[in-house]
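Hi,

Here is the structure I promised to pass on.

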Amino acid sequence: MADRVCAKFVSKKIRKVRWQPPVTFGRHNPECFVTGSWDDEQNEVSFWNTIQPNEQNIDPVLVSTVPVSGDVNDIAFYDTSTFFVALGNGSIAMMRLDQKLTMISQWKDIHLFKSTKAPATGVLCQSPEIASIGEDGKLNLMRMNQEKPYKTIDADSCSLNAAVFTSQNEIFTGNSRGMIKLWDLRSISEKPILSTSLSEDSEVGVTSMDRHPFQGHIVAVGGYDGMLTVYDMRKAQTPVTVMEASDNCLNDLRFHPERADHLFTASESGAVWHWVPLCAKSPASTLGGSSGNLWLSGDLATQQLNIKEILPTLPLAVNSVDVCGESLICGGDNEAFYYVSNVVF
């Protein structure tokens with residue numbers, strides 16, 4: 001069966017899209033997702049439902065919207081109903097999905113330059129930890145129900161653009177000059193336990209990151225040059241795999257949460273790609289068995305992967321992509337998001 005695609009025009013540029021995590025692992029398809037806009041006088045976070053009484057109509061329905069101050073730069077779910085939003089005004093907002101979308105609280109102005117607010121560029125969750133990064137180069141650590149960050153690390157002298165938890169106590173960050181660092185949150189020192197560069201030849205900024213869902217030591221990194229770089233955090237001084245993912249900036253990338261050999265990327269050039277393994281994997285290998293470590297196979301990776309276009313290349317940037325079950329959403333600067341209800345694996 002072919003992919004079924006629904007385009008929904010929302011009259012706002014989409015910066016981030018994220019599925020609500022299913023309550024039950026392995027659910028065939030998720031039901032709800034959230035979107036965040038940017039570059040508008042009034043930006044907003046919106047809650048959408050894909051369940052329709054008529055199966056012939058797959059248009060997602062807008063459930064509710066919350067206006068926010070500043071661009072929505074990132075969205076991260078803490079659990080199945082609570083998520084956090086990184087805002088361009090330097091704040092992190094906590095929101096909850098129930099019958100509708102509500103804003104619960106904010107950590108205000110936790111990213112600051114000397115005289116002005118610094119945009120928060122990312123937020124990430126690994127319960128009970130919540131972390132944020134910003135253009136001020138700071139890494140903030142927070143906990144639920146605490147009024148302010150309990151720890152702030154001056155992680156960089158330039159903007160931090162992406163970060164992921166690689167374990168409960170370690171965070172991997174990437175900056176606008178291509179430096180990537182690993183931080184131990186238990187350390188009393190403000191020095192990284194590892195520091196390396198995305199590109200040896202030039203300062204190619206980091207744009208996006210995602211962690212393998214079953215093997216946390218595997219991290220995929222996107223760059224301004226469109227390259228996809230995969231690191232093994234057990235020996236992270238040099239990447240194990242480097243592939244060209246776009247001829248332009250790689251804005252977002254996501255491993256499939258259950259089929260981890262499958263990767264999805266969105267680029268500034270308007271392309272949305274599905275990286276498909278050529279050889280079928282057994283369930284054991286997909287979950288990280290020794291024969292299923294596709295992303296650590298170096299130069300062989302390009303021979304083991306086929307790239308499929310999810311959509312015809314769009315005229316403007318696609319800023320974000322997310323996938324769950326057999327459903328994909330993506331959105332960008334053409335003021336629309338795209339819902340694919342039957343991704344072919």
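**Salt bridges**

A search of the whole structure turns up eleven salt bridges. Keep in mind as you read that this is a predicted model. I picked out a few of the pairs for you.

Let's begin with Asp74 and Lys16. These two form a salt bridge in which the closest N and O atoms are 3.8 Å apart. The pair connects distant parts of the chain: Asp74 belongs to strand β6 (residues 72-77), Lys16 belongs to strand β2 (residues 13-19), and they are 58 residues apart. Are the two residues buried or exposed? Asp74 is buried, and Lys16 is buried as well.

Next up are Glu129 and Arg143, whose side chains meet in a salt bridge at 2.5 Å, N to O. As for accessibility, Glu129 counts as buried because its relative accessibility is 7%, and the cut-off for buried is under 20%. Arg143 has a relative accessible area of 29%, so this residue is partly exposed.

The last pair here is Arg234 with Asp232, where the side chains meet in a salt bridge at 2.8 Å, N to O. Which of the two is exposed, and which is buried? Arg234 is exposed, with a relative accessible area of 59%, where exposed means over 50%. Asp232, on the other hand, is buried, with a relative accessible area of 2%.

Notes: Residues numbered from 1 in each chain as written. Predicted model: local features only at pLDDT ≥ 70, side-chain atom pairs only at ≥ 80, totals over all residues. Heavy atoms only, no water. Salt bridge = Lys/Arg side-chain N within 4 Å of Asp/Glu carboxyl O. Helix = DSSP H or I, 4+ residues; strand = E, 2+ residues; numbered from the N terminus. Buried < 20%, exposed > 50% of the residue type's maximum accessible area, 1.4 Å probe, protein only.
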